[in-house]
Amino acid sequence: MSGFDLSGLKASFGGERVLGPLSLRVREGEKVALVGKSGAGKSTLIRLIHEQVGRNSSLVPQDLGLVNALPVFHNVFMGQLDKHSTWYNTLTLIRPFAADRAAVKDLMNKLGLAEKLWIPTASLSGGQRQRVAIARAIYRNENLLLADEPVSALDGPRAHQVMALLRDRFATSVIALHDVELALQYCNRIVGIQDGLVELDEPSDRLSSSDIMSLY
Amino acid sequence: MHSYPTVRASLIFVAVAVVGLLFADIAITASNPWRDLGNFFLGVVTPNFFSSEGLLTALLRTVAFAFVGVALGSFFGFLLALVYRLLPVRIFCAFIRAIHELFWALIFLQFFGFHPLTGVLAIAIPYSGIFAKVYSEILEEADPEPRRLLPPGTGMVAAFLYTRIPDCWEQLRTYTAYRLECGLRSSAILGFVGLPTLGFYLEASFSQGFYSDAGAMLILFYVLIATIPLWVRPKLLPVYILAAPFFLGEGLPIVWGNVERFFTEDIIPAPLRSGEGLAGMVPWLGDLMVNEALPGIWNTVLLTQIALVATGILALLAFPLISNHFGGPVRRTSGHVFLVIARSTPEYILAYILLQLWGPSMLPAVVALALHNGGIIGHLIGRQTNTLRLRPDAPTGFNRYTWELVPRVYRSFLAFLFYRWEIIMRETAILGILGIYTLGFYVDSAIQNIRFDRAMVLILITALLNIGVDALGRYIRRKLALQTMPTC
């Protein structure tokens, strides 16, 4: 089961309510795009959902959270740390196993970063780092994706390629997106957030980009 | 991983230390070390604060020597920092700070005797060299922009006071406060060569087996250091500095004849003194090198390399104790107490205690150096991990340690470790006074045998060795592009 049904979601900052209270029910197979102005509460909502559904999800936080001193391989492998024993993880840190190398390399090929596999992420560009964080989420191999602006630093064709990959790899997803065209093309449900509340919730085939623009 | 320069450098240092262990004299030679250790800890938990009135006097003297020494060191260090660009000044400062406080004390003892001046200069001279270097680094990092925007024709002094000092003030203040803490430690160990500070009292209690007295002294010392923020207030500082010279004690008067004899006779190499001339110098120096300097250098380098790696391992093991990425408040509080005790105890005192308990070998020295320096570095990188914000789905437990934290702090860990390399070597040399065959042992024996000429050459060699390691440490830090703050 990769869907969830959450209610009473709310968050305050400095005594001021920034989100909710709101309810969100996502069924398996739904690909939800969260849209809305910056500061509307999209990131907070992603964070709250992650707190509720816990570790059975693949996460792409906005600040990526990469360990810059480690190479691309290790940053991707980190998505499965909780699926291996501690000694396996520690050995991998020193010398990765062939099967894992092959799996991560294959994934990085799809994201066009295979040649950077052993380079520390500190020396990558913003778009490359973003793809490493996406690779970690895919490598984690959960059915539910929670992603906060996962393609904001990617150029046009690359953004489409990654969004298609995410659509195919995850049964269910909740993705905060500021690009309305991408939201309509790769998601089947659009949730518009305004001032911390749900202002719009429709299947994407019933919406056009002008309908969404009213939120901005 | 092996292709990382930082990892490769670490592995080389570990390999050198492992090979060094084969040659090192590591053993517990005392007949009943654990009973002695037990008695000592029993003494610490049953401290006796009232055995003699000497304890409070010793505490007062320790503070007084620290204040006068650090104040003078800071004043002259600041003046030197202003002209630190000049190469002769740099060399001079590197030289005076390469000689340990205790060596300076041993030198001054020979001609000033047990006069307070001996203790004051023993702290003030090496501290001037350290202050000069760090102050100049801090001043150099000031933002140059405000200075460029001053009206043309602004005087140098005004420009300095308006654009440099305000920008650096906080850092200068923090560093000087940190050095005051170091000064208290230096002042305490000056007692081991006979000055009236805590070390003297500790040695006396220990040698008679009065562990409760020694425990009381250690506890008072920790309280003194831990409460520095409470009793060292900016407004009270002038009072302390003006009052401190009056609490140094009388000591013994200086015999000026001794001073003259020291410089005109004692330190002149024996062959020159006896008129053999330069021809006699070659066998004299050869004998000194083969029988004292080379064994001393070998043991000093050996012990330094083992202690350096032990320090690193301990720091990496200890930093999670205070990191808020692990465990609960109880464990963190006890972790803090452990690290504060480890870094507040001067390595000399730790080594002295462990030597008494375990008997003479390199082991007490390695443990003492690792505990003190590992405590300092562990505390610094532990605090650094507390500024890191991890992803909400970050791994926990040992995986968090190995995958999230160690890779992020490893570079600064190495920077701190290489920064302390020279400090560890300085201490290693001085621990020879306690009977480990490092350079300090040969210096001390030469002084005991009233062969000051030999002692001076050995001290000179020690200083050059320290300068060499300092340069090597800086080269490695630059090569690995490691950056560090001077407050370590």
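Tutor: Start with contacts in chain B between residues at least 6 apart in sequence: 78% of them join residues at least 24 apart. Two residues are in contact if their C-beta atoms, placed from the backbone, lie within 7 Å. This is a predicted model: local features need pLDDT of at least 70, side-chain atom pairs count only at pLDDT 80 or more, and totals for chains, interfaces and linings use all residues. Residues are numbered from 1 along each chain as its sequence is written, while chains are lettered from A and ligands numbered from 1 in the order in which they are written.

Chain B has 21 helices and zero strands. Helices (H or I, at least four residues) and strands (E, at least two) are DSSP runs, numbered from the N terminus.

Now the close look. Helix α17 (residues 347-358) of chain B meets helix α18 (residues 362-385) of chain B: their axes come within 8 Å and cross at roughly 145°. Axes are lines fitted to C-alpha atoms, for helices over the stretch in contact, and angles run from 0 to 180 degrees between N-to-C directions. On the α17(B) side, the contact includes Leu350(B), Leu354(B) and Trp358(B). On the α18(B) side, Leu363(B), Val367(B) and His372(B) are among the residues. By class, this contact has twelve nonpolar, one polar and one charged residues. Ala, Val, Leu, Ile, Met, Phe, Trp, Tyr, Cys and Pro count as nonpolar, Asp, Glu, Lys and Arg as charged, and the others, Gly among them, as polar.

Step back to the chain. The C-alpha atoms of chain B fill a box of roughly 75 × 75 × 50 Å, taken along the principal axes. Chain B also meets chain A: 15 residues of chain B are in contact with 17 residues of chain A.
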